[in-house]
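Trainee: I would like to take a close look at the salt bridges of this protein, and to hear about them in one connected account.

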Amino acid sequence: MNTRTVKFASDGYLVIPELICEQEQAFVRELVTELVDRYRGGDPTAISAGVTISEVSRQHPQRNPGIPPDRWKREPFIIGDLLALEPRFARLLSQESIWTCVGELLECASSDLLFHFCNLTRKPSEVGPAIGWHRDADNKYFASHDGRTLRLLIPLQFMSVRNGGTAIVPGSHIQSDAPVETALYPDVAPGACLALHSATLHGGSPNRSEQERDVIVIQFGLCSSTLRYQANETLSLSTRKDLLAFYQGTTEKRIVNS
C-alpha cells in the first residue's frame, strides 16, 4: 500500500490534487452551464432528472432556513443521470486519471471497476441548502453488499467551509460512533477531488456565501460485487472501455450531423 492508500484506509477520505487538467475543467464547466440553463428554462427532460432548491427547502426547511421555497422553483439542487441529458459527460467519466485513482484507493486494477452513476449537486450562492449527515453505504439508490464502493466529489469552484463544502468525520468508517463534533471541511480546489469511503459519515452546511458550489458526484464499484440496490441510469455498470466507446460514438455522430 502506498501513502495515499494508507491515509484513505485510516481516515476514510482523501483529497486528490490535480485529478483533471484545466482543459477538462473548462469543458465540464461549459456542459454544466448549458445543463443548468436548460433546467432553468423549463426543459422537461432535465427537470425530470432533478430536484430544485424549492423542493428541498420545502421538504427539509431546517436545512435551508430563511429561504422562501416559492422563489426557487427553477433553480436546480441536484441533476441526475447526466449521460442521458448530455452524452458528452462521458468524456469526463472516461478520464484515465479518474479510473486509476479509484483503482488505487479500492486496491484493484482499473479494469476491475464499474461506473455506477453520476450527478451534479449544487449549492448556489446564498441559497444553497445543507446536506444531512449520512453514509453512502446506507443509500437505497446504488449500494453493494460488501460496501466496496467509492464516490468522488469533483468541485467546479474552490470548495471549503465558506461555501458549504462537504464535512467529513475522519475515521467514522471504522468507528461507527465517531462524534460529529470532530468533523472537518477539507479544502478542495477545482480540478482536484474529494474521495469518500462508502462508510464515512459526511454532510454539509448551507451556502450563504457569494460563491457558487457545483460538484460532480461519481460513484464506482467492483465488477465482483453484488448489489443491494441498483438504479437504472444511462450506462450504469459500464467499464471505462464502454464509456470511451460511447463518447467516441457521440463525437462521431456530432461531426456527421454538423
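Trainee: Is Arg40 buried, partly exposed or exposed, and what is its relative accessible area?

Mentor: Arg40 is partly exposed, with a relative accessible area of 37%; here buried means under 20% relative accessible area, exposed means over 50%, and partly exposed lies in between, with a 1.4 Å probe and protein chains only. Before going further, please keep in mind that this is a predicted model, in which local features need pLDDT of at least 70 and side-chain atom pairs count only at pLDDT 80 or more, while totals for chains, interfaces and linings use all residues. Residues are numbered from 1 along each chain as its sequence is written, and side-chain values use heavy atoms, with hydrogens and water left out.

The side chain of Arg40 meets that of Glu75 in a salt bridge, at 2.8 Å from N to O; the term stands for a side-chain nitrogen of Lys or Arg within 4 Å of a carboxyl oxygen of Asp or Glu. Arg40 belongs to helix H2 (residues 22-40) and Glu75 to the loop between helix H4 (53-59) and strand E3 (76-80), so the pair ties together parts that are 35 residues apart in sequence. Helices (H or I, at least four residues) and strands (E, at least two) are DSSP runs, numbered from the N terminus. Whereas Arg40 is partly exposed, Glu75 is buried, with a relative accessible area of 9%.

This pair belongs to a network of salt bridges that links Asp37, Arg40, Glu75, Arg122, Glu212 and Asp214. Glu212 is partly exposed at a relative accessible area of 31%, while Arg122 counts as buried at 3% relative accessibility.

The structure holds 14 salt bridges, and one of them joins the side chains of Asp11 and Lys7 at 2.8 Å from N to O. Both residues lie in helix H1 (residues 3-11), 4 residues apart, which is about one turn of the helix. Asp11 counts as buried at 17% relative accessibility, and Lys7 as partly exposed at 41%.

Strand E8 pairs with E10 (residues 202-204) in the antiparallel sense over 3 bridges, and Gly204 in E10 is the bridge partner of Thr166.

Leaving aside neighbours within four places in sequence, Thr200 is in contact (heavy atoms within 4.5 Å) with Gly12, His134, Arg135, Ile168, Val169, Ser172 and His173.

Notes
Pairing = 2+ DSSP bridges.
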